[in-house]
Amino acid sequence: MKILITGGGGFLGQRVARELLAHGVKTGAGGASVPVSAITLFDIAEPPAGVALKDPRVTFVTGEVSDKAAVAAALGRDTGGVFHFAAVVSGQAEADFDIGMRVNLDGIRNVLEACRAAGNQPRLLFSSSIAVFGVPLPDVVNDGTTPTPQASYGVQKLIGEWLVADFTRKGYIDGRAVRIPTVSVRPGKANAAASSFASAVIREPLNGIDYACPVSEKTLMWMCSPRRVVGNLIRAFELPSETWGPIRSVNLPGITVSVTEMVASLKKLGGEKAAARVSIQVDPRIDAIVQTWAARLETPRADKMGFVADANMDEIVAQYIADEGIKL
Ligand SMILES: NC(=O)c1ccc[n+]([C@@H]2O[C@H](COP(=O)([O-])OP(=O)(O)OC[C@H]3O[C@@H](n4cnc5c(N)ncnc54)[C@H](O)[C@@H]3O)[C@@H](O)[C@H]2O)c1
């Protein structure tokens, strides 16, 4: 199968591509593995040197997802699978309304229209977010909770989900969308996502850097690790269309973790010195966005579909230490 990954230079794009190249995709009859013959990574920016995938099956295309012709050219006519990751994150979409609309909304529309024009009903996975939920929130969000996003990013993701469902209903694609929890611990530098603190509060102290956390200790987050989310994204792509049925979106499982618990895991696995590097300095702009997010969810549909969560925050921190070779 030939695959296009938009945002393919990014965090999840690179990881998903690596897994697909290594293991193929289980989209054959009865879930049989199908080899991945080619992957096009489409992104506005090349991944940092040393991170970029080196594999003869990978082609990197630099392009802007809001450029309809560029997206159509990257897709071509014989692409069987699409992972749509290109997006500007929550903080940026909120700070610059126009860029959010252009990248997050025009972007998904361009990808869907390119798939429709290709005429081969490609399978498409759309990376949505739990930011589709916002206040007023029930104590626990479940599969029946009505999305009420309170930031432009969540609105753009929700519209994308509806378009994925409608293009699927029309038979233009075989689409599915997953509402991803906050992924932590993300290596590298902090980004403009309002959720960026959930990685930085672990990552920076483990790398010897002091960190001022922009939200209070009591803040709760719905989280999952990079390994879990990559496994779940590929599962979402591989599940047969019938398993999704008419509902093309799902809330992915995660764990609810407070900032206090994040720092406790940091202390347990990284030591007192690392934990002492964290201070709390609430940033009202970040805090205002984060406090509207859902942090407690029940995900029976996802559980039934075979998606899995991490066991606890300790496991997430331990994974980061192991994967990044952190010397304690
Ligand atoms: N990581 C998370 O915690 C999380 C949570 C919920 C949803 N998501 C969604 O998952 C997807 C991937 O997230 P990620 O963590 O890998 O983010 P990322 O920022 O690492 O990757 C996104 C990629 O999109 C590219 N991009 C941005 N604007 C573009 C444009 N105009 N044209 C082409 N490419 C463009 C960026 O250069 C980047 O490489 C995003 O859609 C994000 O909204 C992520």
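Modeller: A residue is buried if 20 or more other C-beta atoms lie within 10 Å of its own, exposed if 12 or fewer, and partly exposed in between, with C-beta atoms placed from the backbone. By that count, buried residues make up 49% of the 328 residues in the protein chain. This is a predicted model, in which local features need pLDDT of at least 70, side-chain atom pairs count only at pLDDT 80 or more, and totals for chains, interfaces and linings use all residues. Residues are numbered from 1 along each chain as its sequence is written.

Biologist: What radius of gyration does the protein chain have, and what would a compact globule have?

Modeller: The radius is taken over C-alpha atoms, and the globule rule is 2.2 Å times the number of residues to the power 0.38. For 328 residues the rule gives a value near 20 Å, and the protein chain agrees with it at 19 Å. Along the principal axes, the C-alpha atoms fill a box of roughly 55 × 45 × 40 Å.

Biologist: How many helices and strands are there?

Modeller: Both are DSSP runs numbered from the N terminus: helices are H or I with at least four residues, strands are E with at least two. The protein chain has 13 helices and twelve strands.

Biologist: Which domains are assigned, and how far apart are their centres?

Modeller: Domain bounds come from an automatic or database assignment. Here the assignment gives domain 1 (2-180 + 225-251) and domain 2 (194-222 + 255-297 + 311-323). Their centres, taken over C-alpha atoms, are 27 Å apart. The contact (C-beta atoms, placed from the backbone, within 7 Å) takes 17 residues from domain 1 and eleven residues from domain 2. On the domain 1 side, helix α3 (residues 90-95) gives the most, with three residues. That side divides into eight nonpolar, six polar and three charged residues; Ala, Val, Leu, Ile, Met, Phe, Trp, Tyr, Cys and Pro count as nonpolar, Asp, Glu, Lys and Arg as charged, and the others, Gly among them, as polar.

Biologist: What span does α1 have, and which of its residues are buried?

Modeller: The expected span of a helix is 1.5 Å times one less than its number of residues. With 13 residues, α1 reaches 19 Å from its first C-alpha to its last, close to the 18 Å expected. Its buried residues are F11, L12, G13, Q14, V16, A17 and L20. Their cover includes β1 (2-6), β2 (38-43), β3 (58-62), β4 (81-84), β5 and α7 (226-238). After α1 comes G24, with a positive phi near 70°.

Biologist: Are A177 and I289 buried or exposed?

Modeller: A177, in strand β6 (residues 174-180), is buried because 29 other C-beta atoms lie within 10 Å. Beyond its neighbours within four places in sequence, A177 is in contact with F126, S128, E161, V164, R248 and S249. I289, in helix α11 (residues 284-290), is buried with 22 other C-beta atoms within 10 Å. Residues up to four places away aside, I289 touches S90, E94, A151 and A194.

Technical notes:
Two residues are in contact if their C-beta atoms, placed from the backbone, lie within 7 Å.
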